[in-house]
Amino acid sequence: MLSTKVSNALNTQIVLEASSSQYYLAMASWAETQGLNGVSSFLYAHADEERMHMLKLIKFVNERGGHGIVPSLKQPPTTFKSVKAVFEEILKHEMKVTSEINNLVDITLKEKDYTTHNFLQWYVSEQIEEEALARQIVDKLKLIGDDKGGLYFFDRDMGALTTAEAKADAGEKKAK
Ligand code: FEO
């Protein structure tokens, strides 16, 4: 059974994962209107991943005798300055998510809730990957600078990366 403190903290994390999903969805839609189909596929997939992070939390809270609350969300921005600005925002946002996950882990230790502590380790690893990927992408975009040709190839690569990841996920699901 979850303590009220842990349950409330997990519900706060549900809000953050849900708003991350909305935020990345807004970025995906904007990128699509800019003709950046590779970037938008990557961002649509990223929005889906965040929704999965939220769902995983809701189900865990419910399984442990709490109530996962589906939150109402603020309207995310509709336009973005550039692709670089989008990925810089993502990196900043993911760093914030990491710090919130770390706070959550801290709460579970203080509350001696080792089951939730164990459950959260998946999020700890996921955050390492997400931050590293966002950082790599920002570095690539810094290299590209204002080179339009570079952006064209970047967009193509992001599309290929998304397709490769989707295929790997489908393979993993089949193997399960
Ligand atoms: Fe669910 Fe990107 O943190």
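Visitor: What makes helix 4 stand out in the lining of the second largest pocket?
Guide: In this predicted model, helix 4 supplies the largest share of that lining, 3 residues.

Visitor: What is the volume of the second largest pocket, and which residues are closest to its centre?
Guide: Its volume is about 300 Å³. Of its 15 lining residues, Ser 82, Val 83, Gly 145, Asp 146 and Leu 151 are the closest to the centre. Helix 3, helix 4 and helix 5 each give two or more residues to this lining.

Visitor: How do the lining residues of the largest pocket divide into nonpolar, polar and charged?
Guide: The division is 11 nonpolar, 2 polar and 13 charged. Nearest the centre lie Glu 49, Met 52, Glu 126, Glu 165 and Asp 169.

Visitor: How do you know that the span of helix 3 agrees with its number of residues?
Guide: Helix 3 has 28 residues, which at 1.5 Å a residue should span 40 Å; the end C-alpha atoms lie 41 Å apart, and therefore the two values agree.

Visitor: Why is the crossing of helix 2 and helix 5 called left-handed?
Guide: The term requires the near helix to be turned anticlockwise from the far one by less than a right angle. The packing angle is about 35°, with the axes 6 Å apart, and the crossing is assigned as left-handed. Among the residues making the contact are Phe 42 of helix 2 and Met 158 of helix 5.

Methods. Residues numbered from 1 in each chain as written. Predicted model: local features only at pLDDT ≥ 70, side-chain atom pairs only at ≥ 80, totals over all residues. Heavy atoms only, no water. Helix = DSSP H or I, 4+ residues; strand = E, 2+ residues; numbered from the N terminus. Expected span 1.5 Å × (residues − 1). Axes fitted to C-alpha atoms, helices over the stretch in contact; angles between N-to-C directions. Contact = heavy atoms within 4.5 Å. 1 Å grid on protein atoms, 1.4 Å probe; cavity = no way out; pocket = protein on both sides within 12 Å on 5 of 7 lines; lining within 4 Å. Nonpolar A, V, L, I, M, F, W, Y, C, P; charged D, E, K, R; others polar. Points joined across faces, edges and corners; volume = space filled by probe spheres on them.
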